[in-house]
Amino acid sequence: MKICTDSLLFGAMMPVKPMANVLDIGAGTGLLSLIAAQLGADRITGVELMEDACREAAENFARSPWPERLRAVRQSIQDFAENETGRYDLIISNPPFFERHFNAAEPMRNAARHDGHLKHAELVKIADQLLTQEGWFYVLLPGQAVAAFNRLAMQSGFHLRRQTAFRGYAHSAEKVVALTFGRVPLGQPECETLTIYDEPGIYSVASRAYLEDFLLRFAVHESAEHTG
């Protein structure tokens, strides 16, 4: 599956603390885990149910500059959580987006986009089980799912700390929303909207500030400016 800009931004904005122990739920081919490593996390465990995706994640981890920090586990997160005794400083997930919709024709894409393997209530429960007292729970959701997910999180004792909506252009509707939860209430959450593009193919200043350390297109462009 293709890497999308929303996922890159979600990863680039991750609240990673130095030396953090990170759990990536539904790791796919390892994009978010790799970003966490680049941001300074000490240990990252990517749990992925699909065999092909997990195998590719393991290969990507092995070829990265941080193979000793990254681990790919092929298992359902439910089974992983049942046997896991450790706790994590940061739990991240880009969970299945669509509930009660007809499934896509491609099995792999279908599994990645629908919630048949992991309901949002299960995700919240597992995060509550595996997160440290001072840790962060960080998820990416479509806008229409935010209110219900917030209610589930509050019922498990989580408090919304930050909410960032992504939209393609200034005139566009919000596409997806990144939510950061903690266990301790700290007043009103920070709420913002990030516009990805100023115009087709031209990233906004705000999105570029997050993405330039992760996309080679910026490195190539800056190299050309210096040598031109």
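# A pocket, a helix and a glutamate

Me: Which element gives the largest share of the lining of the second largest pocket?

Reply: Strand 6 gives the largest share, five residues; strands (E, at least two residues) and helices (H or I, at least four) are DSSP runs numbered from the N terminus. This is a predicted model, in which local features need pLDDT of at least 70 and side-chain atom pairs count only at pLDDT 80 or more, while totals for chains, interfaces and linings use all residues. Residues are numbered from 1 along each chain as its sequence is written, and side-chain values use heavy atoms, with hydrogens and water left out.

Me: How many residues line this second largest pocket, and which of them lie nearest its centre?

Reply: There are 21 lining residues, of which Leu160, Arg161, Arg162, Thr180 and Pro189 lie nearest the centre. A pocket is an open set of points on a 1 Å grid over the protein atoms alone, where a 1.4 Å probe fits, with protein on both sides within 12 Å along at least five of seven lines, and a lining residue has an atom within 4 Å of a point. Strand 5, helix 7, strand 6 and strand 7 each give two or more residues to this lining.

Me: Which residues of helix 7 are called buried, and why do they line one face of the helix?

Reply: In helix 7, residues 146–155, the buried ones are Val146, Phe149, Asn150 and Ala153, each with under 20% relative accessible area (1.4 Å probe, protein chains only). Down the helix axis they fall within an arc of 105°, taken from the directions to the C-beta atoms, so they line one face.

Me: What lies on the other side of helix 7, and what do its buried residues pack against?

Reply: Arg151 and Gln155 are exposed on the other side, with over 50% relative accessible area. The buried residues pack against helix 6 (120–130), strand 5, strand 6 (159–167) and strand 7.

Me: Why is glutamate 174 called partly exposed?

Reply: Glutamate 174 has a relative accessible area of 49%, and because partly exposed covers the values between the cut-offs for buried and exposed, this residue belongs in that class. Glutamate 174 is placed in strand 7.

Me: What is glutamate 174 in contact with, leaving aside its neighbours within four places in sequence?

Reply: Its contacts, meaning heavy atoms within 4.5 Å, are Ala165, Phe166, Arg167 and Thr193. The C-alpha atoms of glutamate 174 and threonine 164 are separated by 9.9 Å, although these residues are 10 apart along the chain.
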